[in-house]
Amino acid sequence: MTENTIYKNYLYISKKKFVLSILQPENFKKIYEEEIFFENNLSIIEFDKLDYFLEKKIYKVEKKIGSFIKDISIIYESPDIFSIDVSIKNNNNGNFLNNASLSRPLLDAREAFLQSLGDNRIIHMFIKNYKVDKKDYSCLPKNLKCEYFSLDIRFICIPYYMIKVLEDRMKKFQISIDKILSSNYLKSFFNDSEKDLFFWALRIDNGYNENEVKFNKKTQKNKGFFEKFFNFFS
């Protein structure tokens with residue numbers, strides 16, 4: 001078998017069920033999906049049952065797709081995940097409001113938030129509202145000059161110890177965690193025609209929410225300041 005390079009791998013974890021789903025990104029096609037439900041109302045996630053579930057399914061799915069699962073994105077549903085809203089205001093001096101205008105305030109907001117976050121980690125950061133010279137916008141306005149703007153930002157976070165629990169579980173199967181996604185965040189995009197967590201996870205991964213801020217782990221040469229720090233409005 002070869003390493004998995006053409007699929008997106010997702011694992012949904014909650015008290016009620018576990019779901020392993022493999023998607024083909026280019027056509028949003030599900031290649032494989034297995035789930036296990038728990039009839040009793042569990043008060044906590046039973047990770048021993050997760051181990052058993054993965055032991056039964058990982059080899060099966062690897063055989064089906066003909067490649068090893070080396071990394072996976074976890075969709076996590078738990079009270080451990082929490083959100084905090086902050087607002088920042090910035091002087092724009094009558095210049096056009098654009099991505100470059102936002103890069104420094106967003107970076108500063110993130111760094112300040114991290115300093116007060118304690119032993120927790122950010123898994124999502126997005127702009128809920130733009131206030132430009134006292135007028136509200138749901139997305140970044142185009143070709144607009146302003147004196148001042150403010151941003152209402154939401155951070156969705158998870159305790160670091162829970163990340164370690166999830167990482168240790170995946171290491172048992174030689175799988176690394178690509179990212180952790182909030183189940184409730186994904187569900188906020190549900191509509192009448194699409195209520196599948198895994199399709200929405202793929203859409204969010206592909207930049208569906210234009211207000212989400214994604215910080216690159218590594219900077220690349222020949223990129224401007226904004227692109228170095230953010231994968232934003234792509």
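**Entry 1. Phe18 and Phe53**

I began with two phenylalanines: Phe18 and Phe53 are both buried. The model I am reading is a predicted one. I then searched the whole structure for aromatic pairs and got 10. Phe18 and Phe53 make one of these pairs, a tilted one, with 6.2 Å from centre to centre and 45° between the planes. I looked up where the two residues lie: Phe18 is in strand S3 (residues 17-24) and Phe53 is in helix H1, so this pair ties together parts that are 35 residues apart in sequence.

**Entry 2. Phe189 and Trp200**

Next I took the rings of Phe189 and Trp200. Their centres are 6.0 Å apart and their planes meet at 25°, so I noted the pair as stacked. Phe189 belongs to the loop between helix H4 (183-187) and helix H5 (197-205), while Trp200 belongs to helix H5, and the two are 11 residues apart. Are Phe189 and Trp200 buried or exposed? Phe189 has a relative accessible area of 18%, and because the limit for buried is under 20%, Phe189 is buried. Trp200 is at 2%, so Trp200 counts as buried too.

**Entry 3. Charges over rings**

Which charged end sits over the ring of Trp200? I found Arg203, with its charged end 4.7 Å from the ring centre. I noted another case at Phe199: the charged end of Lys30 sits over that ring, 5.3 Å from its centre.

**Entry 4. Glu194**

I stayed in this region and looked up Glu194, which is in the loop between H4 and H5. Its relative accessibility is 18%, so Glu194 counts as buried. What does Glu194 touch, leaving out residues up to four places away in sequence? I listed Phe199, Trp200 and Arg203.

**Entry 5. Lys60**

I moved to helix H1, where Lys60 is found. At 42% relative accessibility, Lys60 counts as partly exposed. I checked its contacts, again leaving out residues up to four places away in sequence, and found Tyr32 and Glu34. Lys60 and Tyr32 are 28 residues apart along the chain, and 9.8 Å separates their C-alpha atoms.

**Entry 6. Helix H3**

I checked the length of helix H3 (residues 160-171). With 12 residues at 1.5 Å a residue, H3 should span 16 Å, and its end C-alpha atoms are 16 Å apart, which agrees. I then asked which residues of H3 are buried. They are Met162, Ile163, Leu166, Arg169 and Met170. They cover an arc of only 130° around the axis, which puts them on the same side of H3.

**Entry 7. Cysteines**

Cys139 is at 29% relative accessibility and so counts as partly exposed, whereas Cys146, at 2%, counts as buried. How many disulfides are there, with the sulfur atoms required to lie within 2.5 Å? I counted zero.

Definitions and conventions: Residues are numbered from 1 along each chain as its sequence is written. This is a predicted model: local features need pLDDT of at least 70, side-chain atom pairs count only at pLDDT 80 or more; totals for chains, interfaces and linings use all residues. Side-chain values use heavy atoms; hydrogens and water are left out. A disulfide is a pair of cysteine sulfur atoms within 2.5 Å. Buried means under 20% relative accessible area, exposed over 50%, partly exposed in between (1.4 Å probe, protein chains only). Helices (H or I, at least four residues) and strands (E, at least two) are DSSP runs, numbered from the N terminus. The expected span of a helix is 1.5 Å times one less than its number of residues. The arc is that of the directions from the helix axis to the C-beta atoms. Rings of Phe, Tyr and Trp (its six-membered ring) pair if their centres lie within 6.5 Å; planes under 30 degrees apart count as stacked, over 60 as edge-to-face and the rest as tilted. A charge sits over a ring if NZ of Lys or CZ of Arg is within 6 Å of the ring centre and within 35 degrees of the ring normal. Contact means heavy atoms within 4.5 Å.
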